[in-house]
Amino acid sequence: MTDTGRRIRPLRTLDTRPARYPTQAQAEAAARRLALRHPDRCRLREVGRSRAGRPLLLLSVDRGPRAALVVGGPHPNEPIGTAGALRLAEVLLDRPARPGLSWHLLLCLDPDGAALGAGWLDGPLTMGRHYEHFFRPSFEEQPELLPAPDSGRPPMPESRALTDLIDELRPFLQCSLHGVDFGGAFVQLTGPVPGLSERLARSAERAGLPLDLDCYDAIGWPSPAPGTYLMPEPGSGPQALPDEPELSTWSYAARYGAVTAVLEVPMWAVDAVGDARPHPAAAQAVGAAARALKARAEELSALLPYVPPRARDEHAPLLRTAEFNLAVGPGMADEWLERWPAQPLTVARVTTAGLVAARLPLRVASLLLRLLAGARGPGAQAARERARAVVSDSLDQLRHRFGARWVPVQEQLAHQTRAVLSTADLLL
């Protein structure tokens, strides 16, 4: 129940409305229309600028002192975040205002990154086209992750805008709207939210989504229920990944007593991530995935010298992302080989390793094709052909070996919106 004794109404007719991911221009136009249509409840303002000078827009609904903050578009390869922020605004404005409560929806935290991957949104939402336009920055360039105090790096403008917004609003809840390309639905929490796991399980079943029982982002984290993970103490995450949840805008909000929910929904569902049975040949399967990942990283690293100087300058963010993934991939594979065989593994965990081993080379090879587009000479042509072969093989694995199936955008939106409203309901 809420603090006024009324439950937040469940999503009904909006669940099945046909939908696409909006482009940044479409999202900003839609937000302006909502503000104009509902001037008594809705307002739009700029809360900062990106590194390239793009506006960071906040759509606020109602004016109560208890604030819920929703962050859309934290990762540019996850357009569900911006779409989810808009859908949530529509749902809230379709209902009576709640006394004492206000919602603040940041449309897109990384508009510069979104611009680098926006080509996918204008055409068919196929797996192949997604990776033709793929971009996701390295950890140091992701706005939700803050620099360590001793790093000597200042926060990015986008990060500063978000922490300033948290300082201003002092929210009781922060929801970060994420998506995964392949896998299942799950939530990462900075603190427990009793009852949320059950609601998310029902919502995922309604949307036809598996719950990710052993997701790579949260290996080793406390998991009080399937698909629910609690952010751990510093240093207890996967060693191969250099991200630290305690150095994040998720944890930053805790100084005001906020719970942050990082809500994940897949674009392509892989049902095996929800399989808790013991894998019959886990060591062999994980070993094969690790060796394949290391071999692909070595193969793709050999293509980097063919990227022409002009592309290195004009498309530097793409190159940094490719180099970052090639650097972390072998370390991840080594961790699987060194630590995982000593413990019993589920089908879900082994599937997670296989997905990473297919996805990371796919990302790098797709980026290299963009970087090599203007390269000349027989060596460059051979490099493009090699990268295309990696893309083709990786996509084939994901479609046929893992059975990745498209989740309609309206189902992704419905689950994510239900998740946000349920979290707020339970905290209130």
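**Charged residues and overall fold**

Glu90 is partly exposed, with 29% relative accessible area. The model that contains this residue is a predicted one. By the distance rule applied, the count of salt bridges comes to 21.

- The side chain of Glu90 forms a salt bridge with that of Arg87, at 3.4 Å from N to O.
- Both residues belong to helix α2 (residues 80-93); because they are three residues apart there, about one helical turn separates them.
- Arg87 is buried, its relative accessible area being 5% and therefore under the 20% cut-off.
- Glu90, at 29%, lies between the 20% and 50% limits and so counts as partly exposed.

**A pair between α11 and a loop**

- Arg349 and Asp214 meet through their side chains in a salt bridge of 3.1 Å, N to O.
- Arg349 is located in helix α11 (residues 347-371), whereas Asp214 sits in the loop between α6 (196-207) and β7 (228-230); the pair therefore ties together parts that are 135 residues apart in sequence.
- Arg349 and Asp214 are both buried.

- Asp393 is part of helix α12 (residues 378-401).
- With a relative accessible area of 31%, Asp393 is partly exposed.
- Asp393 and Pro361 are separated by 32 residues in sequence, and their C-alpha atoms are 9.9 Å apart in space.

**A pair between β1 and α5**

- A salt bridge joins the side chains of Arg45 and Glu168, with an N to O distance of 2.7 Å.
- This pair links distant parts of the chain, since Arg45 is in strand β1 (residues 42-49) and Glu168 is in helix α5 (residues 157-169), 123 residues apart.
- Arg45 is partly exposed at 33% relative accessibility.
- Glu168 is also partly exposed, with a relative accessible area of 49%, a value that falls under the 50% limit above which a residue counts as exposed.

- Asp62 occupies the loop between β2 (55-61) and β3 (66-71).
- The relative accessible area of Asp62 is 9%, so this residue counts as buried.
- Beyond its neighbours within four places in sequence, Asp62 is in contact with Arg41, Arg43, Ala97, Arg98, Leu101 and Ser102.

**The chain as a whole**

- The protein chain contains 13 helices and nine strands.
- For 428 residues a compact globule would have a radius of gyration near 22 Å, and the 21 Å of this chain agrees with that value.
- The C-alpha trace spans about 65 × 50 × 45 Å along its principal axes.
- Of the 428 residues, 59% are buried.
- Among contacts with a separation of 6 or more, 82% are between residues 24 or more positions apart.
- The accessible surface amounts to about 17200 Å², and carbon and sulfur atoms contribute 53% of this area.
- The chain carries 49 positive and 47 negative charges, whose mean positions are 6 Å apart.

Terms used
Residues are numbered from 1 along each chain as its sequence is written. This is a predicted model: local features need pLDDT of at least 70, side-chain atom pairs count only at pLDDT 80 or more; totals for chains, interfaces and linings use all residues. Side-chain values use heavy atoms; hydrogens and water are left out. Helices (H or I, at least four residues) and strands (E, at least two) are DSSP runs, numbered from the N terminus. Buried means under 20% relative accessible area, exposed over 50%, partly exposed in between (1.4 Å probe, protein chains only). Contact means heavy atoms within 4.5 Å. The radius of gyration is taken over C-alpha atoms; the globule rule is 2.2 Å times the number of residues to the power 0.38. Accessible areas come from the Shrake-Rupley method with a 1.4 Å probe; for residues, only the protein chains shown count as cover. Lys and Arg count as positive and Asp and Glu as negative; His and the chain ends are not counted. The place of a charge is taken as NZ of Lys, CZ of Arg, CG of Asp or CD of Glu. A salt bridge is a side-chain nitrogen of Lys or Arg within 4 Å of a carboxyl oxygen of Asp or Glu.
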